[in-house]
Amino acid sequence: MSSMLVLAIVVVIGIVAFVIARQRAAAQDDGKVKPHSRAHYHGWWAFLLGVLPAVLFLALWSIGSSVYLNSHLHAQMPAETGVASEPLAVSLTKSLANGLRKLDAQQLAALPATFAELQPLLAAKGVALATDTQDYMIPIAAEANQASDRLGLIGAIGTIGLAMAGAFYGISQVQLRARARNNVERLMLWGLLGASTIAILTTIGIVLSMLFQTLNFFNRVPPMQFFFGTVWDPRFAAAGAGASEGQFGLIPLLAGTLYIAFVALLVAVPIGLMSAVYMAEYAAPRVRATVKPALELLAGIPTIVYGIFALVTLGPFLRDLSAALAGGASFIQAQSILTAGLVMGVMLIPVVSSLSDDIITAVPRAMRDGSLGLGATRSETIKRVILPAALPGIVGAILLTASRAIGETMIVVLAAGVAANLTLNPFEAMTTITVKIVNQLTGDLEFNSPQTLVAFALGITLFVLTLVMNIVALYIVRKYREQYE
Amino acid sequence: MTDVTLDTVATATPPARRDIGLKRRYAAERRFRLYGVLAILVGLAFLVVMLLSILTKGYTSFWQTTVSLPINFEEKVIDPDNKRATDPSVLVTANYPALAQKALAEKLGIDPKNKPMMTRLKGFLSDGSRVQLRDVVVSDPAVIGTTRNVNILAGANLDSAFKGQIDLTVPEERRKVSDQQVEWMNKLKADGAMAEHFNTGLFTFGASSRPETSGLGVAIIGSFYMMVIVLLLALPIGVAASIYLEEFAKKSRFTDLIEVNINNLAAVPSIVFGLLGLAVFVNFLGMPRSASFVGGLVLTLMTLPTIIIATRAALAAVPPSIRSAALGLGASKMQMVFQHILPLAAPGILTGTIIGLARALGETAPLLLIGMVAFVANYPATPFDPATALPVQIYMWANEAERAFVERMSGAIIILLVFLMAMNITAIVLRRRFERRW
């Protein structure tokens, strides 16, 4: 019985329990004793008692039985598996077991002993299997199927039994003075608390998943070589040919990341800051009401669109322009730091301007009025009073923007190039950490080669880098807000 | 004498005005204002240039050139051994392009035995004709033996030439359309047989190695599945978390930790979520690669902070008097939240959710890592089947060299932007319509 069906049955039991409990509660209310909870709370309590334990049991049971079956399969593998590794043999057996489920009872009863005979039977059902499936796997797979059916049946009976028991208990609990509402609300509160811990779980998940793979990576490549290596050359060697593992130097990637982010900030910070100042201090309300949403539109455009614009339009344009200027050979490559930085800078303009807009408008009115009253012009007030007062906040905003620039992926994937150079020339191509994460992890992967694992080491570097910047930025911004509150 | 006094009065210089550099300062003021205007204009100009460049490249992709040909569904080509009654697969594997080729040769008055001329026809019609004609025959086998007009897709290069995107003044050997083909094209155009039609294929086809038969069908379905998953998971979880943090949690170390976490997750680069999805969902939990379900989970985690932050702001905006009134009338705290606060905060929550969804719809990087860069030709029947997503399809087309793919890619961007625009406008309208100031 599939777990989906079991789940549906459990929910139906719960609904029935809800209806019965509500009716019972309504029938008990004779108007003499004041009931503690309204009827539908009794219904919900019966529903929860029926469904929750049963669903929990089902989940634990399925996890437990799949772990058991897995170890069972591993234990049954002979010492000589006949294929490259034991995990491979287990996964072959698993897909064989899945294929066997397509056969009917008659065919299963007279299962051929060799894979050569079995294959046409399965192929007739549209099951294609790897050719290195071994003969000894057939009885193991058939037995595993039976075991999993058995476990599934026990689990289903247990779950439904638990649901029935819970529902009956819930219905029997219905009494006028029973505190059904408190029970339901307590459970709801736990549910709300559970939902809010998902944020923590996500962070833990991010850190743990990347940490394990990174440690795995550092077992093969020493951390010193990764953090201080200046050559990035991860050869995709064929599996088994471990002699040349390639070099994994972080420095060229980090340099490219920071360089492009720096160019982007050179574009975004002056433009974003000036437009925020103009919007906050000069623009008439009507102008503000039309221009601000238009700039926010820039923020709503997906980054892949910016990347495509850089790749298809701006990159070739800059290349041709430089060719025309130099009269012949172009000195700006189509994929270059300049292109990527420019486009990323434009993407960041609305980020800078909306963050600094908040900060500038938070500067108290009195400071502005004081300066204007002393005869300063508006621009003098802005330059000598407002901006210095807002400086910490603006620094925080720039830090937040920089962390966005470092973590940005699609623009650099399309516009910055893949060659890991170390150069100071902004007209050449450099690559970034995010580009390399994408490069290493798209396509077919094998999960224990350093070529794939390095992506997680890069990922955790990126995560720590942006995390530190965000924490510092948030701290500064918060401190700054408190100052004027 | 009086004259003299008058004179002295008139010529007496007024006390010299102290030079406080007013002129210079006003000039600086004007300059400063100008910088502000310039900054805004640069931003807007870039927006306009970018949208225009995409629009001009992409709008033609909504039309596709087809050739209307009288196809003779000859039995001896489709089913030479006459066994379709017993083996229907004959109809699927028949040599349909030959039928189209023959019809085209007839239309152009070329002798089918003239081999050199026939080879020049190559590429005139799309290989998609195989699927087109097969669908006609499979849906109605009675058509075999009769002649019927079918609009066959033109090849990608002919399509570009027909739309005038190929420069015909370039020497023949350096362009992808031969002079002979151009001549035929003009003849068919004069006939009215070759014409542009609205490109429904762009919305319905799956992945293909040929531009004219590739489309966004799989990507749209994949993106739709993911949006549904994000909505079903992120909205309830996000609202529940915000309710707890805003209405129930007492300030403690634990809630501080949660808040710091949420703020940080909102700023974590999206590609890190992709790494999480790959390591945890695909590798550890063994979920299928390329499936929209996994994509939906990753995007849910990414969208949650946005929704939580918006929801908390919406909840905090409901005035405390509503809470006191509900509690004063004997509602429990749970009843107060769910029956009074939540309905009042709903417009704000909805706006935040739509904006979060729009962000998730345009997100590419994490989906690349969980293997959604896949060549998927068939519609995914469930969220667990391999699929792609709209932005990922755009990325995949960006890596193709052919000109016609760039056109399709720009068309896909237009479609994506229209979706996003619609969502954002809905959010703005909702906010305008339902927002209450207390």
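Author: Let's start with a definition: domain bounds come from an automatic or database domain assignment. Here that gives chain A a domain 1 (3-178) and a domain 2 (247-483), and the C-alpha centres of these two lie 50 Å apart. Bear in mind that this is a predicted model, where local features need pLDDT of at least 70, side-chain atom pairs count only at pLDDT 80 or more, and totals for chains, interfaces and linings use all residues. Residues are numbered from 1 along each chain as its sequence is written, while chains are lettered from A and ligands numbered from 1 in the order in which they are written.

Reader: Okay, and into which domains is chain B divided?

Author: Chain B has domain 1 (61-199) and domain 2 (217-434). Their centres, taken over C-alpha atoms, are separated by 45 Å. The contact between them takes 5 residues from domain 1 of chain B and 7 residues from domain 2 of chain B; being in contact means that the C-beta atoms of two residues, placed from the backbone, lie within 7 Å.

Reader: How do I read the contact of chain B with chain A?

Author: Count the residues on each side: 65 residues of chain B are in contact with 64 residues of chain A. On the chain B side, the largest share, 18 residues, comes from helix H2 (residues 22-58). Helices (H or I, at least four residues) and strands (E, at least two) are DSSP runs, numbered from the N terminus. By class, that side of chain B divides into 50 nonpolar, 12 polar and 3 charged residues. For those classes, Ala, Val, Leu, Ile, Met, Phe, Trp, Tyr, Cys and Pro count as nonpolar, Asp, Glu, Lys and Arg as charged, and the others, Gly among them, as polar.

Reader: At what angle do helix H7 of chain A and helix H13 of chain B pack?

Author: First the idea: axes are lines fitted to C-alpha atoms, for helices over the stretch in contact, and angles run from 0 to 180 degrees between N-to-C directions. Angles under 35 degrees count as roughly parallel, over 145 as roughly antiparallel, 65 to 115 as roughly perpendicular and the rest as oblique. Now the case: H7 (residues 180-220) of chain A and H13 (residues 270-284) of chain B pack at about 70°, with their axes 9 Å apart, so H7(A) and H13(B) are roughly perpendicular to each other. The residues making this contact include A:Ile206 and A:Met210 of H7(A), and B:Leu275 and B:Leu276 of H13(B). By class, there are 7 nonpolar, 3 polar and no charged residues.

Reader: And how are H12(B) and H14(B) set to each other?

Author: Helix H12 (residues 253-267) and helix H14 (residues 292-317) of chain B pack at about 125°, with axes 8 Å apart, and are therefore oblique to each other. B:Ile262, B:Leu265 and B:Ala266 of H12(B) meet B:Pro305, B:Thr306, B:Ile308 and B:Ile309 of H14(B).

Reader: Is B:Thr388 buried or exposed?

Author: A residue is buried if 20 or more other C-beta atoms lie within 10 Å of its own, exposed if 12 or fewer, and partly exposed in between, with C-beta atoms placed from the backbone. B:Thr388 counts as buried because it has 30 C-beta neighbours inside 10 Å. It lies in the loop between helix H17 (365-369) and helix H18 (390-398) of chain B. Leaving out residues up to four places away in sequence, B:Thr388 touches B:Val218 and B:Val376, among others.

Reader: Where is B:Gly206 found?

Author: In the loop between helix H10 (201-204) and helix H11 (217-248) of chain B. B:Gly206 is buried too, with 21 other C-beta atoms within 10 Å. Its C-alpha atom is separated by 5.2 Å from that of B:Val218, 12 residues apart along the chain.
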